[in-house]
Amino acid sequence: MSELLLLIIYCALLGSGVGFLAGLLGIGGGLIIVPVLSSILLHFEVLPSEQVVVAAIATSLASILFTSTSSAIAHHKNGNVPWELAPWIMMGVAIGALISGFMAALLPEKVVRIVFAVSVVLIAIKMFLSSKNDSPKERQLPNKGLLTVLTTITGGLSAMIGIGGGALLVPLLTFFSVDMKKAIGCASACGIVIALFGSVGYISSGSSHFSVADGFAGFVYLPALLGIVCTSWFTAPLGAKATHYLPVPTIKKIFAALLLVIAANMTMS
């Protein structure tokens, strides 16, 4: 078996797990894909260590474009995408993704990672506690203008650190008493926007460094992308279907546990 085929198989296994989580929790999976894919690329000596992370992030964002699309379609079929809110939220996420480069220039990356990790831990604790509360306090959604501002911040921070957005968007929406399943469906749709803008940037900026003949589209490594997408496209709807049947408190606990893993990964990287 050739090393390239083995690499694709490894990425397919990675994609199967990430796709299911994307459908179940509305996450893009970037914080899972990036460290694992970095290890795979290093193992197969695709790139030197100083270039592997940027390629992993770029490939992750490109895969999220497909995974989030598959997940969003499944959530739409289950009636879990609140289209009366989604356009405003997606507009905010798009604006945030566009200006995320400017935001990254204002703060050192380590500061952003620490602030994000602390915020995620607090969100996880709040979500875990709320999963035990049968009668949570009802909070009204802010007007659509303020909602767009809040999601602009969410989208900017998510794009800056290379994630699909669900880790921040789902807790934000559930804080304002949006049904957990609808918040996950909305996050899946918004993940498409973040991944699209992020992928375009990485492909255009990396076009002068790598060529298609080497297996790259900009910084995106195409064999790895193929491996991830060929399984995640099919497992994302399975995760979305599980969301339809699992009790909301169970989903909240799973989401809170994943947030703690994400926070740990952010602080150690």
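This is a predicted model: local features need pLDDT of at least 70, side-chain atom pairs count only at pLDDT 80 or more; totals for chains, interfaces and linings use all residues.
Student: Helices first. How close do the axes of α1 and α3 come, and at what angle do they cross?
Tutor: The two axes come within 9 Å. They cross at roughly 40°. Helix α1 covers residues 3-25, and helix α3 covers residues 49-77.

Student: Why those two values?
Tutor: Two packed helices are described by the angle between their axes and the distance between the axes.

Student: Parallel, perpendicular or oblique?
Tutor: Oblique: the crossing of roughly 40° makes α1 oblique to α3.

Student: Left-handed or right-handed?
Tutor: The crossing of α1 past α3 is right-handed.

Student: Which residues meet there?
Tutor: From α1, Gly19, Ala22 and Gly23. They meet Thr67, Ser71 and His75 of α3.

Student: How do the contact residues divide into nonpolar, polar and charged?
Tutor: In the contact of α1 with α3, one is nonpolar, five are polar and none is charged.

Student: What about Cys11? Where is the nearest cysteine sulfur?
Tutor: Cys11 is in no disulfide. The nearest cysteine sulfur belongs to Cys230, 9.1 Å away. A disulfide needs the sulfur atoms within 2.5 Å.

Student: And from the Cys230 side, which sulfur is nearest?
Tutor: That of Cys11, at 9.1 Å. Cys230 is in no disulfide either.

Student: Is Cys11 buried or exposed?
Tutor: Cys11 counts as buried, because its relative accessibility is 0%.

Student: What is the relative accessible area of Cys230?
Tutor: Cys230 has 38%, so Cys230 is partly exposed.

How values were computed. Residues are numbered from 1 along each chain as its sequence is written. Side-chain values use heavy atoms; hydrogens and water are left out. Axes are lines fitted to C-alpha atoms, for helices over the stretch in contact, and angles run from 0 to 180 degrees between N-to-C directions. Helices (H or I, at least four residues) and strands (E, at least two) are DSSP runs, numbered from the N terminus. Angles under 35 degrees count as roughly parallel, over 145 as roughly antiparallel, 65 to 115 as roughly perpendicular and the rest as oblique. A crossing is left-handed if the near helix is turned anticlockwise from the far one by less than a right angle, and right-handed if clockwise. Contact means heavy atoms within 4.5 Å. Ala, Val, Leu, Ile, Met, Phe, Trp, Tyr, Cys and Pro count as nonpolar, Asp, Glu, Lys and Arg as charged, and the others, Gly among them, as polar. Buried means under 20% relative accessible area, exposed over 50%, partly exposed in between (1.4 Å probe, protein chains only).
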